[in-house]
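Open the model in your viewer and keep the selection panel at hand. The stops below go chain by chain and then to the cores.

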Amino acid sequence: MNLKSAQFKLQARKAIGDADLRIKVKKATGTSLAKRKQVVEELADWEELRQKGHELRKIVVDNLDSYLSQFIESARRNGGIVHEADDHKSAKHIIYDIIRRVSADTVVKSKSMITEELHLNSMLEENGIRVIETDLGEYIVQLAGETPSHITAPALHKSKEDIARLFQEKLNMPYFDDPAKLTAAARERLRDEFLHARVGISGVNFASADTGTLTIVENEANARLCTILPEVHIAVMSVEKIIPSFDDLPLFLKLLTRSATGQRITSYVSLVNGPRSHHNPDGPRQLHIVILDGGRKRLAKHPEWKEALYCIRCGACMNICPIYQSIGGHAYGSVYPGPIGAVITPTLFNMKDSQDLPFASSLCGACTDICPVKIDLHHHLLFERREIVNRGYKSFIEKIGMAVWRWTMLSSGRLEFTGRIGWLLRKVLGKNMPAPGWTPHRQFPVIALRSFRSLMKNDTKYGT
Amino acid sequence: MRTPHLFVPCIVDQLYPATGIAAMKLLRAFGCDPQYDPRQTCCGQPAFNAGYHDDARIVAEHFIEVFKDADEIVSLSGSCATMVKVFYPQLNFSEKVNETVRAITSKTFEITDYIVNKLGVTDFDVSYDGRVAYHDSCHIMRELRITGEPRKLLRSVKGLELVELDLADRCCGFGGLFAAKFPEISVAMGEEKLASIQRAEVDLVVGCDNSCLMHLQGLAEKRGMNLQAKHIVEFLGNLIK
Amino acid sequence: MEHKLLSLFQSRVQDSGGWCEIVDSEDEVFTTLQKKYTFEKEKVIVSGRAAEQLRASGLPGVDIETVHPEERRGLLTNAKLGITLCDGLIAETGTVVLLNHPSETRELSLLPEYHVVIAASDQLYESLDVCLSKIRRLYADGLMPSITLITGPSRTADIEKTLVVGVHGPREFGVIVI
Ligand code: SF4
């Protein structure tokens with residue numbers, strides 16, 4: 001897979017130059033963080049819940065194959081049609097096939113990161129199927145011909161004025177930049193689509209192995225409309241969405257919704273236990289569950305990388321990350337931006353193309369502290385940096401530089417000598433001292449006339 | 001008498017020797033006989049953070065050789081203490097070296113942690129008239145979980161008004177090599193920190209890592225902002241007569 | 001204790017943007033609804049099981065069971081108010097729990113502009129854990145119907161994190177606890 005992450009440096013620099021973007025992202029992430037803080041602090045046992053969540057996610061990932069077959073068995077018992085897809089291509093093919101077989105020409109879709117990962121929409125559209133994103137944020141992004149810039153708030157990079165202009169242009173409406181009016185316009189346009197679409201596609205937040213229950217979390221009711229009204233519901237998930245039991249749902253809902261949007265629970269949580277049965281008054285006649293591997297089973301076997309699969313996609317690590325806050329999501333060039341994106345993009349997709357991502361971090365660790373399932377995110381960035389070096393992706397010059405550094409640091413005399421050359425240069429060049437990457441942004445510090453070690457020679461105790 | 005071995009990171013040694021001198025003075029004032037071994041160079045963190053674990057390990061072995069017989073190792077940087085305490089165990093040392101590493105890990109302390117928790121100093125007779133903000137560097141705050149100790153020391157200074165920054169737990173954007181690899185992002189983060197410092201209306205910020213302080217000071221100077229960013233040890237040491 | 005839980009539930013429903021009235025008996029349901037809404041009876045659709053319970057004290061709208069299945073969706077799309085019962089109330093979050101009951105289509109809580117739930121105080125649970133494990137025990141030897149947890153009206157904050165109520169689902173949500 002080719003990734004836009006290969007141009008990370010360029011994209012990040014461009015994003016930094018966009019002061020407007022920074023203000024929008026800061027405002028949105030700041031609001032989410034403040035709300036999260038409130039509902040997390042009211043729980044005395046938040047730390048224990050995180051720990052429990054971590055342990056349960058670990059159990060699933062460590063025993064992925066057996067949980068997967070248990071889930072599949074339960075889902076089939078409930079009447080679901082389960083499809084396993086090894087890679088992106090076959091997942092897309094399976095989904096297209098289901099749609100084709102019921103000769104539908106339109107599908108309504110609720111939010112799903114896996115379908116973003118698949119680039120499902122463009123494939124379906126190429127095959128003549130209209131795909132309508134119904135989550136408001138996704139709808140906006142789709143109208144703009146863009147991709148989501150945040151995993152739980154897709155249109156976070158857009159202001160209400162941006163959206164007003166977009167609606168004016170694409171929907172032929174008068175310009176109004178009132179969020180309520182814009183929302184009402186989207187509702188009106190999408191209602192009919194829901195009523196007439198014969199296929200609805202949704203993502204899955206959790207899949208309980210013991211009961212086969214699919215849990216879908218949302219606020220707008222668009223996912224309910226997508227999964228209840230059409231004749232066919234296609235639920236798309238990746239293998240690691242599984243949790244051991246139905247009984248674990250309250251825990252994971254708590255961790256997810258409080259971290260994601262700062263809500264005690266979202267407006268709607270749908271626990272789907274199967275298609276319409278003969279005594280049900282509603283619901284789809286067919287429930288298809290498409291389960292994507294896409295490299296995850298490989299990650300699950302890796303002693304370090306598997307931890308990234310614990311992620312429940314709450315997006316909190318993005319909100320808290322000072323890098324994400326500064327550049328937004330698009331610069332990462334991956335479906336998954338922010339800290340978890342920087343961790344999972346290289347290992348799941350293409351390490352060579354995304355090798356800048358693990359380095360684009362000050363390693364402050366704020367992400368690790370906020371993660372509801374305690375993924376050691378910033379340490380994983382370090383593991384991946386090592387892997388990138390070991391694979392030889394780094395430049396020859398950097399390697400030489402590192403060798404010279406090592407050679408210098410193996411002798412205090414050489415360190416002192418280097419320091420004194422620095423002093424001399426600073427003396428001669430003054431404020432024009434060149435230090436790539438440091439100046440011209442910051443003043444170069446004055447280098448002391450005498451180093452600590454040389455001063456210590458005069459110390460009565462150490463004096464020579 | 002305690003004989004802590006001073007671990008003076010390369011930046012302190014070459015750029016901020018005054019921090020080292022102040023540390024000697026402080027430790028002596030608190031009744032220690034601090035030791036300094038001039039063979040020491042660097043803990044290996046730059047290579048470790050850059051992903052070059054082999055180079056980091058080789059330099060770390062030099063560190064271990066220098067400090068292996070020390071009773072206590074006192075670091076003048078929270079970040080370098082983190083390297084030793086948290087990241088050394090991740091380097092692939094031979095089994096034999098590993099034993100020494102385990103010992104070194106448990107006897108290495110960040111200096112404010114050492115002063116407050118090992119020496120039991122929480123009150124000493126100095127005074128300062130003015131407002132001071134403490135800067136939490138990320139490694140000391142999130143890896144070592146040291147936040148109260150430096151504040152305790154600052155509060156014990158008579159007349160000093162300790163101000164909390166509204167973005168106290170936000171990274172300043174230094175991040176080692178990150179500062180040079182992604183200068184635009186690093187600077188954007190630093191500017192936010194400076195804004196927070198300005199809002200707090202302080203012109204003196206103290207911290208436990210000269211590297212972050214160097215970044216903030218360098219940024220402030222470039223912008224003509226009146227700010228002094230100083231290592232806490234240097235600040236406290238200068239207060240002692 | 002029970003009283004405390006009930007008032008917690010009430011305040012959490014309000015927190016989530018809904019309303020919650022506590023009444024003494026079924027007889028008050030009708031008047032409570034009348035106080036809140038002045039819709040014509042044809043615009044109010046009542047689920048089968050809700051109709052059964054309310055019939056004696058006065059049916060506030062059309063019993064959906066009396067409508068031909070083919071016409072139900074059209075009716076609901078144009079309806080102002082959908083009335084359902086529920087299968088549990090969660091105090092901690094202000095949530096109502098609805099099972100996919102044979103005489104209560106989920107479209108009732110989805111398509112009309114407003115949704116009102118008629119509940120009983122003995123349906124109140126402290127937390128979701130207790131309620132879901134009870135439901136699970138109830139269906140221990142058969143297939144569980146789908147379950148919907150509803151907390152407040154449909155909402156979004158996708159535009160500049162500004163809260164807007166009433167997106168694709170009901171724009172108002174209320175609970176009457178008897
Ligand atoms: S890594 Fe953790 S914080 Fe980030 S999205 Fe996943 S669960 Fe949330």
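Among contacts in chain B between residues at least 6 apart in sequence, what percentage join residues at least 24 apart? The share is 78%, where contact means heavy atoms within 4.5 Å.

This is a predicted model, in which local features need pLDDT of at least 70 and side-chain atom pairs count only at pLDDT 80 or more, while totals for chains, interfaces and linings use all residues. Residues are numbered from 1 along each chain as its sequence is written, chains are lettered from A and ligands numbered from 1 in the order in which they are written, and side-chain values use heavy atoms, leaving out hydrogens and water.

**Select chain B**

Colour chain B by secondary structure to see 13 helices and 7 strands; these are DSSP runs, helices being H or I of at least four residues and strands E of at least two, numbered from the N terminus. Its radius of gyration is 18 Å, close to the 18 Å from the globule rule for 241 residues, so chain B is as compact as a globular protein of that length. The radius is taken over C-alpha atoms, and the rule is 2.2 Å times the number of residues to the power 0.38. Along the principal axes, the C-alpha atoms of chain B fill a box of roughly 50 × 45 × 25 Å. Of its 241 residues, 68% are buried, meaning under 20% relative accessible area (1.4 Å probe, protein chains only).

**Select Y88(B)**

Y88(B) and F71(A) touch the most other members of the largest nonpolar core, which has 171 residues. Such a core is a set of buried Ala, Val, Leu, Ile, Met, Phe, Trp, Tyr and Cys residues joined through side-chain atoms within 4.5 Å. Leaving aside neighbours within four places in sequence, Y88(B) is in contact with C43(B), A60(B), F63(B), I64(B), M83(B), F93(B) and V101(B). Another core, of 52 residues, lies apart from the largest one; among its members are A186(A) and L111(C).

**Select chain C**

Chain C holds 5 helices and 12 strands. Its C-alpha trace spans about 45 × 40 × 35 Å along the principal axes. Buried residues make up 60% of the 178 in chain C.

**Show the chains together**

No contact joins chain B and chain C, and their closest C-alpha atoms lie 21 Å apart.

How values were computed
Buried means under 20% relative accessible area, exposed over 50%, partly exposed in between (1.4 Å probe, protein chains only).
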